[in-house]
Protein chains: 2
Amino acid sequence: MTTQKGFDPQDFRAALGTFTTGVTIITARTASGEPIGITANSFNSVSLNPPLVLWSLAKNARSLDTFLTTRHWNVHVLSIDQEALSGRFARQGEDKFAGLETEEGVSKAPLLTDCTARFQCRTAFSYEGGDHVIFVGEVLAYDRSSRPPLVYQGGQYALTARKPREEVRLASAPPPDCSYTEDLLGYLLGRSHYQMLHALRQLLDTQALDERSFFVLSVLSIRDGLTLDEINAFIGYTGLLATTDSMNALEAQRLVAVETGYGALRYVLTADGREASLRQIALAKAVEEDIASRLGPGDVMALKLLLKRLIASSNPGMPDLWAPR
Amino acid sequence: MTTQKGFDPQDFRAALGTFTTGVTIITARTASGEPIGITANSFNSVSLNPPLVLWSLAKNARSLDTFLTTRHWNVHVLSIDQEALSGRFARQGEDKFAGLETEEGVSKAPLLTDCTARFQCRTAFSYEGGDHVIFVGEVLAYDRSSRPPLVYQGGQYALTARKPREEVRLASAPPPDCSYTEDLLGYLLGRSHYQMLHALRQLLDTQALDERSFFVLSVLSIRDGLTLDEINAFIGYTGLLATTDSMNALEAQRLVAVETGYGALRYVLTADGREASLRQIALAKAVEEDIASRLGPGDVMALKLLLKRLIASSNPGMPDLWAPR
């Protein structure tokens with residue numbers, strides 16, 4: 001199959017898909033009062049004064065007649081948390097509004113909630129656009145929230161990592177012959193890790209604990225009753241291994257206790273050990289919240305997503321700490 | 001100032017800006033043969049068959065007459081590396097094409113190089129759009145590269161972190177009462193760091209070196225002739241401090257040498273030490289390239305950007321390792 005120009009449609013679509021967009025759901029109400037809605041990424045702003053926006057709808061869309069006859073429709077710029085909603089409104093056949101909370105707007109067109117922004121529009125023009133109709137709407141009302149927006153690029157959903165106006169540089173530019181630079185991913189991950197650990201270390205000092213003890217207590221806070229070997233299977237990736245001596249020290253601090261009922265020695269957290277671990281995790285969360293307030297919630301979600309992908313793609317085969325037993 | 005609808009233009013623009021877009025430069029040639037071009041993020045695809053795209057141009061733009069009279073224009077979807085070009089074509093008054101390589105396309109409109117994608121178009125329709133004109137172009141030719149695209153969101157440039165179709169989960173869902181989850185940023189950073197370190201550790205084992213020695217050699221590979229205190233000022237953030245004993249061990253391995261000429265003992269790398277450090281950095285780069293091939297170049301750039309922003313925003317005051325002396 002080719003287009004009129006002889007383009008391969010799949011390849012042409014892929015080329016168009018390199019242009020990044022947000023994701024919107026556009027809603028209206030049929031003449032008989034039924035709510036309808038479709039996912040579209042062909043939205044864009046047109047004019048500030050008068051306030052106009054546009055989007056395109058395929059001529060073979062089942063909702064075309066409604067959008068050509070009703071004059072009112074609402075554009076919802078979806079937030080990161082609305083990926084499932086995007087999928088629901090992109091599919092045909094199901095009751096897209098089932099269980100969805102909607103609000104009243106300036107027209108009868110349904111208003112979805114929890115979006116990044118909403119534009120309530122009235123058709124100003126509808127234009128010929130090949131196999132699509134281009135709808136230009138006058139914005140009658142709008143609102144927005146601080147929810148980070150969902151993004152679409154290359155046929156995939158995405159999050160954004162925003163670039164500050166000033167270039168982010170940690171240090172002076174290295175001399176040209178220097179192969180070790182601040183741009184090395186390993187350096188950036190190490191430095192991020194150790195800086196995040198900075199506040200935790202101060203807490204560990206007051207608890208008379210070291211990093212290895214922190215990892216041991218963390219593992220035991222998730223899975224109690226582990227042998228030394230089992231503990232080390234979970235923390236070995238840090239390069240810090242627990243020993244009988246180090247576990248004895250934790251026992252002397254009354255943070256762990258030993259169970260001998262099942263053959264091998266098994267370690268459990270005491271109430272004090274659980275309390276110490278909870279304080280460490282609470283501090284880790286406070287440090288994370290501080291970071292999130294500086295980077296912004298969307299950027300932190302993007303960072304976590306990228307780290308998870310990095311971990312999943314370089315996993316040397318770690319056991320699942322959270323697996324049910 | 002308000003729009004016809006009584007909207008505050010700045011606020012309305014901010015609401016529109018929540019819709020993420022790519023960044024394009026659109027070029028044409030004036031009747032007298034001068035190349036012109038402007039940055040626009042109002043681009044979008046319209047139709048597959050016939051192949052149509054659109055963008056909007058302010059009616060007060062100096063290039064309006066040219067775009068209304070010439071029928072040919074090229075859309076360039078900019079890559080991550082073309083942020084400066086975007087800025088150049090967004091400003092007025094300078095010779096935007098000075099020093100720029102351009103190519104010949106199907107029309108006389110200039111074709112810029114090194115973009116993510118390019119669409120060579122002929123005006124199919126131009127439509128009324130309030131304070132803008134909407135240009136709908138038939139795509140006569142297009143091409144694309146694998147360069148990750150530049151993104152614009154909320155008035156800032158951005159990179160994307162793509163979400164795979166399947167949710168990225170490292171482990172089973174924790175029980176509801178478990179406060180330590182894989183979603184903790186500290187956990188993700190620690191695990192990423194240690195997994196990246198995994199391959200390096202194996203090399204260090206063959207070099208009979210530990211992590212502390214790796215940090216010491218890395219610092220000395222950038223700045224030679226440091227005292228013990230100066231070395232520790234640079235590596236102290238890792239929690240691993242060099243001691244006279246640990247430096248003596250590196251000296252015994254003939255990786256560092258001591259200079260005594262300037263009062264305090266100063267350490268320099270030997271040729272063997274430099275060689276050992278170069279092998280470590282080469283391995284770190286190989287590990288990074290492997291990660292980059294799995295995540296994709298744009299995602300790795302987004303990850304680095306986010307890590308730099310995290311480091312800059314949580315910097316406990318580390319000295320600049322790369323600063324000129």
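**Notebook: helix packing and the pairing of two chains**

I began with helix α4 (residues 185-206) of chain A and helix α8 (residues 271-295) of chain A, whose axes come within 10 Å and cross at roughly 145 degrees. For this I took axes as lines fitted to C-alpha atoms, for helices over the stretch in contact, with angles running from 0 to 180 degrees between N-to-C directions. Helices (H or I, at least four residues) and strands (E, at least two) are DSSP runs, numbered from the N terminus. I noted that the crossing of α4(A) and α8(A) is right-handed. A crossing is called left-handed if the near helix is turned anticlockwise from the far one by less than a right angle, and right-handed if clockwise.

I then listed the residues at this crossing. From α4(A) they are Met196(A), Ala199(A), Leu200(A) and Leu203(A), and from α8(A) they are Arg279(A), Gln280(A), Leu283(A), Ala284(A) and Val287(A). Two residues are in contact if their C-beta atoms, placed from the backbone, lie within 7 Å. Sorted by class, the contact of α4(A) with α8(A) holds seven nonpolar residues, one polar and one charged. Here Ala, Val, Leu, Ile, Met, Phe, Trp, Tyr, Cys and Pro count as nonpolar, Asp, Glu, Lys and Arg as charged, and the others, Gly among them, as polar.

**What I am reading**

I recorded that this is a predicted model, in which local features need pLDDT of at least 70 and side-chain atom pairs count only at pLDDT 80 or more, while totals for chains, interfaces and linings use all residues. Residues are numbered from 1 along each chain as its sequence is written, and chains are lettered from A and ligands numbered from 1 in the order in which they are written.

**Domains**

I looked up the domain assignment of chain A, which gives domain 1 (9-158) and domain 2 (185-313); such bounds come from an automatic or database assignment. The centres of domain 1 and domain 2 of chain A, taken over C-alpha atoms, are 45 Å apart.

**The two copies**

I found 116 residues of chain B in contact with 117 residues of chain A. On the side of chain B that touches chain A, α9(B) gives the most, with 14 residues. That side has 63 nonpolar, 34 polar and 19 charged residues. Because 100% of the interface residues of chain B are also interface residues in chain A, the copies meet through the same surface.

**Helix α9 of chain B against chain A**

I followed α8(A) to helix α9 (residues 297-313) of chain B, where the two pack at about 110 degrees with axes 10 Å apart. This makes α8(A) roughly perpendicular to α9(B), a word used for angles of 65 to 115 degrees, with under 35 roughly parallel, over 145 roughly antiparallel and the rest oblique. Ile291(A), Arg294(A) and Leu295(A) of α8(A) meet Arg309(B), Leu310(B) and Ser313(B) of α9(B).

I also saw that the axes of α4(A) and α9(B) come within 9 Å and cross at roughly 35 degrees, in a left-handed crossing. Among the residues that meet there are Leu188(A) and Gln195(A) in α4(A) and Leu307(B) and Ile311(B) in α9(B).

**Backbone details**

I noted a cis peptide bond from Asn49(A) to Pro50(A), with omega near 5 degrees. Pro50(A) lies in the loop between β4 (44-47) and β5 (52-58) of chain A. Phi of Arg254(A) is near 60 degrees, a positive value in a residue other than glycine. Most residues other than glycine have a negative phi, and most peptide bonds are trans.
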